[in-house]
Amino acid sequence: MAYTLAAPITKKFKLEEADETGETTATFRQASVREDEARASLMADQVYSWDDEQRGKVERRTRWSWAELHRLEVQMTMDACDIMVEKGEDKDGNPALSSLFKFNRKGIAMSESQFMEAWGKLPSSVARELIMYCHEVNPDWRVVA
């Protein structure tokens, strides 16, 4: 029998750091080669330059950060998250809430800049919790020190 691709593993987590009641959740899926390659490309950008007239002058720049890497990992694999954000008040003076992250059936339904803006609103502890759950579903992405 020929090899058959199975549906990616998905897992729903309660965000206890964000919400002690356990009502707030996020769902992550197993990454595919597409996400692995996108993740690797973040670390692949390097610039080498030299000036022949001034021998010995060499420049090497690598542009990436752990924070960017983790944000990209979450963006690529989070399929649902019900963290809400206040958007002013409704007509009765109550807080108007909307979902911080937007999703469709394929995952995140936001541009990279929209996701970056939403991600930037999170407290660091909540971002770390999302990263932890992303890595639980994608253990190859964990950094072992």
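These are my notebook entries on one predicted protein chain.

**Ground rules.** I worked from a predicted model, in which local features need pLDDT of at least 70, side-chain atom pairs count only at pLDDT 80 or more, and totals for chains, interfaces and linings use all residues. Residues are numbered from 1 along each chain as its sequence is written, and side-chain values use heavy atoms, with hydrogens and water left out.

**Fold.** I looked up the secondary structure and found four helices and nine strands in the protein chain. Helices (H or I, at least four residues) and strands (E, at least two) are DSSP runs numbered from the N terminus. Read along the sequence, their order is β-β-α-β-β-α-β-β-β-β-β-α-α. The radius of gyration is 20 Å, well over the 15 Å that the globule rule gives for 145 residues, so the chain is more spread out than a compact globule. That radius is taken over C-alpha atoms, and the rule is 2.2 Å times the number of residues to the power 0.38. I also noted the box filled by the C-alpha atoms, roughly 70 × 55 × 30 Å along the principal axes.

I checked burial next: 34% of the 145 residues count as buried. Buried means under 20% relative accessible area, exposed over 50%, and partly exposed in between (1.4 Å probe, protein chains only). For contacts (heavy atoms within 4.5 Å), I took pairs at least 6 apart in sequence, and 52% of these join residues at least 24 apart.

**Charges.** I compared the mean positions of the 20 positive and 26 negative charges and found them 4 Å apart. Lys and Arg count as positive and Asp and Glu as negative, while His and the chain ends are not counted. Each charge is placed at NZ of Lys, CZ of Arg, CG of Asp or CD of Glu.

**Cysteines.** I searched for disulfides, meaning pairs of cysteine sulfur atoms within 2.5 Å, and the count came to zero. Cys81 is in no disulfide, and the nearest cysteine sulfur, that of Cys134, is 12 Å away. From the side of Cys134, the closest cysteine sulfur is the one in Cys81, and 12 Å is too far for a bond. I recorded both residues as buried: Cys81 has 6% relative accessibility, and Cys134 has a relative accessible area of 0%.

**Ser32.** I found Ser32 in the loop between strand S2 (25–29) and helix H1 (33–42). Ser32 is partly exposed, with a relative accessible area of 32%. I then looked at Met76, 44 residues from Ser32 along the chain, and the C-alpha atoms of the two are separated by 9.8 Å.
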